[in-house]
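Please look over the structure below.

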Amino acid sequence: MLAIDLQSKKALILGASQGIGEAISTSLAQAGAQCTLTSRSEDKLKKIVENLEGESHSFFAADHSDHQSLMSHIDGKEFDIVVFNSGGPKAGPISQAQPEEFTRAINQHLGLTSEIVRATMGPMKEKSYGRFISITSTSVKIPIPHLGVSNTVRAAMASYLKTLSLELAPFGITVNNLMPGFTSTPRLSSLMEGAAQKANTSKEEIEKKWLSTVPAGRFGEPSEIAGLAAFIASPMGAYITGQNIAVDGGRLGCL
């Protein structure tokens, strides 16, 4: 039986205080990785780190919009695995989005990602081992109505990371996007509440409507995205790079 082995590997997980980020932290730690978690919530991070399997895990609280503060915790550190996971921009039609909304979203996602890549890829190249994993959205493939700014920045991130994968592949570094579909997280709950208010209906009706679009007939669990992330982070995922991989119960309507 194959086992995912991340012993001696060091992982940085952004947005790790809840949902998919927390699940990935748990999965990587179970596989033996030494994890560094970050998000804005120090209290949540502390509790999660205390419950992670293994030892030598750490955390730091930082706002993803404050690049200088976040990078001060990363510069000079070595990581074998970096997981990019940042909350999406607020919902709304793209025709009504203000220029500063695009600027803010691009800065938070693409800008920060490129800074972290530049700060961490050197040691990865020296060791001929590295994993950059982005948690994005199925909107990379098919735009989701009423998520105009998010659709735009997710597509930009996918293009950046695909280009990056071509540059880093010769050094044993892989770069991949995981595209969760409807997943049981606080973000999904918030989106359903917003959709219900807009449609003047109940959250339960929105949930029923959204579930009807998922062939699997249910929402995903964060642990299901986390399991794939751990595999890609491991040596077994060495030949998977430059990919956008949907984890969505079959919902994505394209090949």
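## Lysine 208

Helix α7 holds lysine 208. This is a predicted model. Lysine 208 has a relative accessibility of 58%, so it counts as exposed; the cut-off for that class is over 50%.

Arginine 218 lies ten residues away from lysine 208 along the chain. The C-alpha atoms of lysine 208 and arginine 218 are 9.8 Å apart.

## Proline 215

Proline 215 sits in the loop between α7 (203-211) and α8. Proline 215 is exposed too, because its relative accessible area is 61% and the exposed class starts over 50%.

Which residues does proline 215 touch, not counting those up to four places away in sequence? They are Gly249, Gly250 and Arg251. Take glycine 249: it is 34 residues from proline 215 along the chain, yet their C-alpha atoms are separated by 6.1 Å.

## Threonine 174

Now to strand β6, residues 173-180. Threonine 174 belongs to this strand. Is threonine 174 buried or exposed? Its relative accessible area is 2%, so threonine 174 is buried; the buried class covers values under 20%.

## Helices α1 and α8

Helix α1 spans residues 19-30 and helix α8 spans residues 222-233. Their axes come within 8 Å. The crossing angle is roughly 50°. The two helices are therefore oblique to each other. The crossing of α1 past α8 is right-handed.

Which residues make the contact? From α1 come Gly19, Ile20, Ala23, Ile24, Ser27 and Leu28. From α8 come Pro222, Ser223, Ile225, Ala226, Gly227, Ala229, Ala230 and Ala233. By type, ten of the contact residues are nonpolar and four are polar. None is charged.

## Helices α4 and α5

Helix α4 covers residues 99-127, and helix α5 covers residues 148-168. The axes come within 10 Å and cross at roughly 20°. Angles under 35 degrees count as roughly parallel, so α4 is roughly parallel to α5. This crossing, of α4 past α5, is right-handed.

On the α4 side, the contact is made by Glu101, Phe102, Ala105, Ile106, His109, Leu110, Thr113, Ser114, Val117, Met121 and Lys125. On the α5 side, it is made by Val149, Thr152, Val153, Arg154, Ala156, Met157, Tyr160, Leu161, Leu164 and Leu168. The contact of α4 with α5 divides into 14 nonpolar, four polar and three charged residues.

## The whole protein

How many helices and strands are there in the protein? There are eight helices and seven strands. The radius of gyration is 18 Å, close to the 18 Å from the globule rule for 255 residues, so the protein is as compact as a globular protein of that length. Along the principal axes, the C-alpha atoms fill a box of roughly 55 × 45 × 40 Å.

Of the 255 residues, 47% are buried. Consider the contacts between residues at least 6 apart in sequence: 71% of them join residues at least 24 apart.

Conventions: Residues are numbered from 1 along each chain as its sequence is written. This is a predicted model: local features need pLDDT of at least 70, side-chain atom pairs count only at pLDDT 80 or more; totals for chains, interfaces and linings use all residues. Side-chain values use heavy atoms; hydrogens and water are left out. Axes are lines fitted to C-alpha atoms, for helices over the stretch in contact, and angles run from 0 to 180 degrees between N-to-C directions. Helices (H or I, at least four residues) and strands (E, at least two) are DSSP runs, numbered from the N terminus. Angles under 35 degrees count as roughly parallel, over 145 as roughly antiparallel, 65 to 115 as roughly perpendicular and the rest as oblique. A crossing is left-handed if the near helix is turned anticlockwise from the far one by less than a right angle, and right-handed if clockwise. Contact means heavy atoms within 4.5 Å. Ala, Val, Leu, Ile, Met, Phe, Trp, Tyr, Cys and Pro count as nonpolar, Asp, Glu, Lys and Arg as charged, and the others, Gly among them, as polar. The radius of gyration is taken over C-alpha atoms; the globule rule is 2.2 Å times the number of residues to the power 0.38. Buried means under 20% relative accessible area, exposed over 50%, partly exposed in between (1.4 Å probe, protein chains only).
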